[in-house]
Amino acid sequence: MVNNLRGLAAVDKYYRDYGYRARELKRQGRKLIGYLCAYVPLEVITAAGFVPFRIKGSVSEPITRADTQMETIVCPLVRSCFDMALKGSYDFLDGLVIPHACDSICRTYDIWKYNLNLPYSHLINLPHSADDSSLEFFKAVLNTFKNSLERFAGKEISNESLAQAVRVYNQNRAKVRELYELRKSDPPLISGTEVAKTLVAVMGIPVDEGNDLLADIIREVKQRASVPAGKSARIMVVGAQIDDVALIDLIEDSGAQVVADDLCPGAREYFPLVDVTDDPIDGIAERYLRKIKCGRTYREMKASYREYLEDRFGHIGQMVKDFKVGGVVLYIYKYCDPFGFEVPAMKSYIESLGTPVLYLEDEYSMSTIARLRTRVQAFLEMMANGGGR
Amino acid sequence: MTGERKPRAHATEAAAKVPRMSRELTLRAQRAKQEGKLVAYTFIACAYDEIIRAMDIVPMWTENYAGICAAKRDAQRFLEKAEAENFSRSLCTYALCGLGFDAWRAELGEMPPDAPWGGQVKPDMMLGSGQMVCDPRNKWYQAAQHYMPDVPVYVVELPWPPYEADYDYREVQDYYIKYIVQQLSGLIGFLEKQTGKKMDWDRLSELVDLTDKTWNMIWEAYELRKAIPCPMDTGDAMNTMVPIAFMMGTQEAYDFFKDLYDELQHKIANREGVVPDEKYRLLWGGGLPAWFALNDFNYFNSKGAVFPVETTYRNVEAIYNFDVDLTRISHPLEHIAWRWLKYWTYWYDRAKKRPGSHPDVERLIQYIEDYRIDGVVMHEAFSCRTWHPGLIWQLNLLKKIYRDIPSLILESDIVDISSYSEADTRARIDAFIETLESTRRG
């Protein structure tokens, strides 16, 4: 609850003034750890008594200061995040955790670390492979991270506190899934823009507050009166990280409804849960290395190529079916190697389901929005005419 | 990676031999296919050189082939083919060139027309890698399977500990070593399955020893470049990288560097420098070269500037300089793992000693001092997020913790010539030379 605002009204405030709650918490003496990407195990940070805070960029803020330290060949989202950090948007942070997610994130770790000069920083050396020895290695990496955080916190992170953090994050993920259920009706009870704003709001507040907020929103949305089935196209957005509603708003403004996604923040990050294990690190390692299906993690081909595509992209196909998706917008940032190399395979897989795909390459900037609008509108027209490929 | 339209002038006889050697690598893979031997797509700096050679796998170095296409200024048609397949032109252009080639070859059922040096043969397997740098190493071959779904891929993980302030890498090195050994064992299992034969461990040990010997010889030869005048510069090192990157674990590579060592000794004795009147000594401080514009090194030379040292492709250290005695590690996979980890952490201890420093910057400082460097030149290749993020920051940090040294960052690409302007590049080099001159005059 913020300024007596609840539910989607609170989301709107948190979205527009991202970091509002973090600044409040800082004033109250809490320590905040900034992080990038879905691959930072938030359970460990929370169990240590810190508040994880996801660093986001801004599509409407021109990148200026970052260019004096970071090459423009880096993913534009990462550059924008760094630019916002240099401009003081996240001056409440006490630490920074960066995962070995992709080159743009991993190879800029030192640039972040030396420029922000925060009291704490750590790189989580997540492997690319997910075989048994990689999982064993990743558990050791997580224990190194845990030990490092313990030194910074000046206290031990107990198994009990980790197990509690696992529970509360699993509740968080379950609530997001419940929210997504409200998108299955036709028309959906909640718009894609509202969902996107909610997920951005949640990544900037403590997880328990996020759970309360999500519960409020679910209650609020369920009270909405159902309306007759619509004629709008049902769209799924697939891509890396979208932390701004511009694209989704554009699609919905063009007459379609965004009903599903494979995004971060989004289903890719929220749907997988941590298994409850005797040593909580085991369940955490399994989730982050094996359950999150992102192009940055290499999955071995074990049978035919068709089965391989099913293994890599089957969850997208399942969502297309479950959410009655009529078309997919594949939205990839320039300079994104993990997703860029997926495009031909992913596109052909989704199209093989009979679902048309619009592939958009973009730069994380409002300056391209007019061009995107034209492409989206043309795609929707083609879908309406029964085509779209 | 040589073979540009007009051969660039080489300072050493050794470097002049490289174009033929490089071509032979491509032809060898073509012959192997005809003879029924197994060919693998391979990446440089993946620590599996001795393993594939011990298993008689013939490597087809895909980065090398893309570099050849670039040096011949014949890569654009493959980049465009990849773009037509929906790969973004902002991705790694080594990979795009290779994928465009593979897609075209699959479409035709034969080599694309007039393929440079006869073309890149369809492999029997592809050996990728997961590392702290370079996403394309685990994405490229996976993407290539879209055009060769019958060709298996194996990805071997090769991490090293990050440089952190709050713990020493030695605290974690044991579990890194264990993991790398497990990964290399997995690779051997994969190769045994593909070839139907068992690893010859004695042969592998011999090749590991040969590689150690070669690393030492490379290091000793390159150390001779400290001499004034400098007998060999980075322009040549972008040729002599071929035996480092693509021929490790062969007697040919060792002999090449022994010859280079002897040649450099001879040049030093005769005071033969790269340029007759050496005015400026430069460090190639980062970035892969523009393979289509290696003549820019000659342009530097024409201004009296030489590059006695570079960080790029000098990915060896003398084995005897490591803080573990590798000669005591007899298990070949453990030996490879320790060599890998100790190379990547080599500058960590030096960095810890200087407040605010970092291993990458410490390496620049060491070279600046050891090679009596006047200025630093880097190259930012737009398509590569492996080596090129951090160049600006490294120069900023260098100036902050060490001294204000003239520097230049050139911008273009490794393969995509459309990113390059010779006139602009040379104008920037001219301006940099003027800065060096005014610094020299004080």
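Helices, as counted here, are DSSP runs of at least four residues and strands are DSSP runs of at least two, both numbered from the N terminus. On this basis, chain A of the predicted model contains 17 helices and eight strands, while chain B contains 16 helices and eight strands.

The overall dimensions of chain A were examined through its C-alpha atoms, which fill a box of roughly 65 × 55 × 45 Å along the principal axes. Because a compact globule with 389 residues would have a radius of gyration near 21 Å, the value of 20 Å found for chain A agrees with such a form. Of these 389 residues, 56% are buried, and among the contacts in chain A with a separation of 6 or more, 72% join residues 24 or more positions apart.

For chain B, the corresponding box is roughly 65 × 50 × 45 Å. A compact globule with 442 residues would have a radius of gyration near 22 Å, and therefore the 21 Å of chain B agrees with that expectation. Buried residues account for 56% of the 442 residues of chain B, and residues 24 or more positions apart provide 77% of its contacts with a separation of 6 or more.

Between the two chains, 48 residues of chain B are in contact with 44 residues of chain A. On the side of chain B that touches chain A, at least two residues each are supplied by helix H6 (136-144), strand S4 (153-157), helix H7 (173-195) and helix H15 (391-401) of chain B, with H6(B) giving the largest share, six residues. Sorted by class, this side of chain B comprises 25 nonpolar, 15 polar and eight charged residues.

Terms used. Residues are numbered from 1 along each chain as its sequence is written. Chains are lettered from A and ligands numbered from 1 in the order in which they are written. This is a predicted model: local features need pLDDT of at least 70, side-chain atom pairs count only at pLDDT 80 or more; totals for chains, interfaces and linings use all residues. Two residues are in contact if their C-beta atoms, placed from the backbone, lie within 7 Å. Ala, Val, Leu, Ile, Met, Phe, Trp, Tyr, Cys and Pro count as nonpolar, Asp, Glu, Lys and Arg as charged, and the others, Gly among them, as polar. The radius of gyration is taken over C-alpha atoms; the globule rule is 2.2 Å times the number of residues to the power 0.38. A residue is buried if 20 or more other C-beta atoms lie within 10 Å of its own, exposed if 12 or fewer, and partly exposed in between; C-beta atoms are placed from the backbone.
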